Amino acid sequence: MLHTNENRATLLLSCPDRPGIVAAVSNFLYSNNANIVQSDQYSTDPENGMFYMRVEFDLPNFDHSFLTIKKEFEPIAQTYEIDWRLASAKRMKRMAIFVSKEDHCLLELLWKWRAGELFVDIPLVISNHSDLQQTVESYGIPFYYIPVSKETKQEAEAKQIELIQDHNIDFIVLARYMQILSSDFVQQFPKQIINIHHSFLPAFIGANPYAKAFSRGVKLIGATAHYVTDDLDEGPIIEQDVLRVNHRYTVEQLRVAGRNVERLTLSRAVAWHIEDRLIVFGNKTIVF
């Protein structure tokens, strides 16, 4: 597993834009012996808009310094009305994967995890089908089969929530999990559930969108990764990508193209979440 700098921390913040924010943050970090290695900021409108910032920095005597910064940054946050989050590169996030029968997004994540490209722990995979149990367990990851029907949905979600809490999961990835999560489930994990779906919504809904897209002669196939909210497939978008296709593609070739763009789009979104590159504001994301 590749490892990040154990002395590195990341500060993400959003607040109403006004002069002096960058100076206040930089001076505060300097006074705590932090060495800034990367700083990015974005303003929607310098006059009356929002300001977003992401700062990566290294700290001597990390554990002590990290706690000090976490405690002493609050007065600055109050002065500038900052919504902020401090993350340690040292702490590995814990990711749960939900999957159904299709394996392309799952395998992309597992391969990148095993190759050290995703600095994350995967304590479990949950599925409403048993098809992928052997695949998951071959990676040494526990697999939990929890079937879901209309009659058992509430009971199944209660089991899922219990497993997530028991394993101290930080975030959930729906790797083509073909179930609609209830409002109660989603509300327990705000900004902690990442989903992937094809780009044909809302034009081609239903069970076989590729056949419908084929009949219309689509020229682009894409995918969208987003955070899950109560509004189905309308949460803050993290990443999107497209592939160009043409009239020579069969329905099956369209599906292959779709799977390729889905797995790459989802893995990028997951990596950005792991690396603390995302700020959610309203129903959109700022990606640094």
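At what angle do helix α4 and helix α9 pack, and how far apart are their axes? This is a predicted model, so keep that in mind as you go. Select residues 104–114 for α4 and residues 251–274 for α9: the two pack at an angle of about 45 degrees, and their axes lie 9 Å apart. The pair is therefore oblique, and the crossing of α4 past α9 is right-handed.

Now show side chains where the two helices touch. On the α4 side, pick His104, Cys105, Glu108, Leu109 and Lys112. Their partners in α9 are Arg259, Glu262, Arg263, Leu264, Leu266, Ser267 and Val270.

Next stop: select residues 153–166, which is helix α6. Its 14 residues reach 20 Å from the first C-alpha to the last, close to the 20 Å expected at 1.5 Å a residue. Colour Ala156, Glu157, Gln160, Ile161, Leu163 and Ile164, the buried residues of α6. Turn the view to look down the axis of α6: these buried residues fall within an arc of 160 degrees, so they line one face of the helix. An α-helix has 3.6 residues a turn, so residues three or four places apart point the same way.

Finally, click on Asn168, which follows α6 and has a positive phi, near 50 degrees.

Key: Residues are numbered from 1 along each chain as its sequence is written. This is a predicted model: local features need pLDDT of at least 70, side-chain atom pairs count only at pLDDT 80 or more; totals for chains, interfaces and linings use all residues. Side-chain values use heavy atoms; hydrogens and water are left out. Helices (H or I, at least four residues) and strands (E, at least two) are DSSP runs, numbered from the N terminus. The expected span of a helix is 1.5 Å times one less than its number of residues. Buried means under 20% relative accessible area, exposed over 50%, partly exposed in between (1.4 Å probe, protein chains only). The arc is that of the directions from the helix axis to the C-beta atoms. Axes are lines fitted to C-alpha atoms, for helices over the stretch in contact, and angles run from 0 to 180 degrees between N-to-C directions. Angles under 35 degrees count as roughly parallel, over 145 as roughly antiparallel, 65 to 115 as roughly perpendicular and the rest as oblique. A crossing is left-handed if the near helix is turned anticlockwise from the far one by less than a right angle, and right-handed if clockwise. Contact means heavy atoms within 4.5 Å.
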